[in-house]
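Visitor: Hi! Could you walk me through this one while I have it open?
Guide: Happy to. Ask away.

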Amino acid sequence: AERIRNRAHAKNLHESFLWELVACITLAQGADREKITLWVDKEHARSYTSSGCVRDYVDLLYELLPYSPEADGERLLALRPDVIGEAYIWHVLRKQKPLVLRCLNEFGTPVLETLLRLAHDFGGVYTEPLHWLDAVLEAKNHPRELAALAALIPSPSMPLRAFKLATAEKHLKTWKEENSTIEAD
């Protein structure tokens, strides 16, 4: 956090925004430069237009986080080891449910996998990761989406037991609704 603070101040960038970006990239398990640039642009336009430009934030992210070369660009990587990355996500995003859900919509399954790990690792102590997952479950209304979600939930997991049951119940309900509509036609 101190390194982020120092680099943000040195470049006259918004420190909180940079913390959020690092947390979201870690939540997404990394991403390529193009995807990161699009994400930073959307989030910058949402709340941080008075501080720096998108390119400055993206360049600084590549100074702060590890990255690996790819055929079509450099892929920014998550904070490692996982326990450090998860603790960082938790520290920065714990009161940022809308940002977490926007990140999920933008980056998809890798974010969901990380959310499930967070809920598994922290759900016995903190409720926010479970609330984030409840919002995910509420938004899913197709049997295939729910089946995919259920397949990602680790077993056994005491903190995720109720979430797994709720996912299975909703999956069964949507499957029955879809099949009764087909039979009625």
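Visitor: Where does Q29 sit?
Guide: Q29 is in the loop between α2 and β1 (31-32). Keep in mind that this is a predicted model.

Visitor: What's the phi of Q29?
Guide: Phi of Q29 is near 60°, a positive value in a residue other than glycine. With 24% relative accessibility, Q29 counts as partly exposed.

Visitor: And N12, what about its phi?
Guide: N12 also isn't a glycine, and its phi is positive, about 55°. N12 belongs to the loop between α1 (2-10) and α2.

Visitor: Is N12 buried or exposed?
Guide: Exposed, with a relative accessible area of 64%.

Visitor: Which peptide bond is cis?
Guide: The one from R80 to P81 is cis, with omega near -5°. You'll find P81 in the loop between β3 (73-76) and α5 (82-93).

Visitor: Let's switch to salt bridges. How many does a search of the whole structure find?
Guide: The search finds 14. One of them joins E43 and R102, at 2.7 Å from N to O. E43 is in helix α3 and R102 in helix α6, so this bridge ties together parts 59 residues apart in sequence.

Visitor: Are those two buried or partly exposed?
Guide: E43 counts as buried, at 5% relative accessibility, while R102 is partly exposed at 23%.

Visitor: What does K35 pair with?
Guide: K35 forms a salt bridge with E106, and their closest N and O atoms are 3.4 Å apart. That pair links distant parts of the chain too, with K35 in helix α3 (residues 33-47) and E106 in helix α6 (residues 97-107), 71 residues apart.

Visitor: How far apart in helix α1 are R5 and E2?
Guide: They are three residues apart, so about one helical turn separates them. R5 and E2 form a salt bridge, with 2.8 Å between the closest N and O atoms.

Visitor: Which residues are linked in a network?
Guide: R33, R55, D59 and E74 are linked in a network of salt bridges.

Visitor: Now the inside. How many residues are in the largest nonpolar core?
Guide: It has 55, and L18, L27, V40, L61, L93 and L115 have the most contacts inside it. Helix α2 (residues 15-27) gives the most to this core, with nine residues.

Visitor: What is L115 in contact with?
Guide: Setting aside neighbours within four places in sequence, L115 is in contact with L27, V100, W132, L133 and V136.

Definitions and conventions: Residues are numbered from 1 along each chain as its sequence is written. This is a predicted model: local features need pLDDT of at least 70, side-chain atom pairs count only at pLDDT 80 or more; totals for chains, interfaces and linings use all residues. Side-chain values use heavy atoms; hydrogens and water are left out. A nonpolar core is a set of buried Ala, Val, Leu, Ile, Met, Phe, Trp, Tyr and Cys residues joined through side-chain atoms within 4.5 Å. Buried means under 20% relative accessible area, exposed over 50%, partly exposed in between (1.4 Å probe, protein chains only). Helices (H or I, at least four residues) and strands (E, at least two) are DSSP runs, numbered from the N terminus. Contact means heavy atoms within 4.5 Å. A salt bridge is a side-chain nitrogen of Lys or Arg within 4 Å of a carboxyl oxygen of Asp or Glu.
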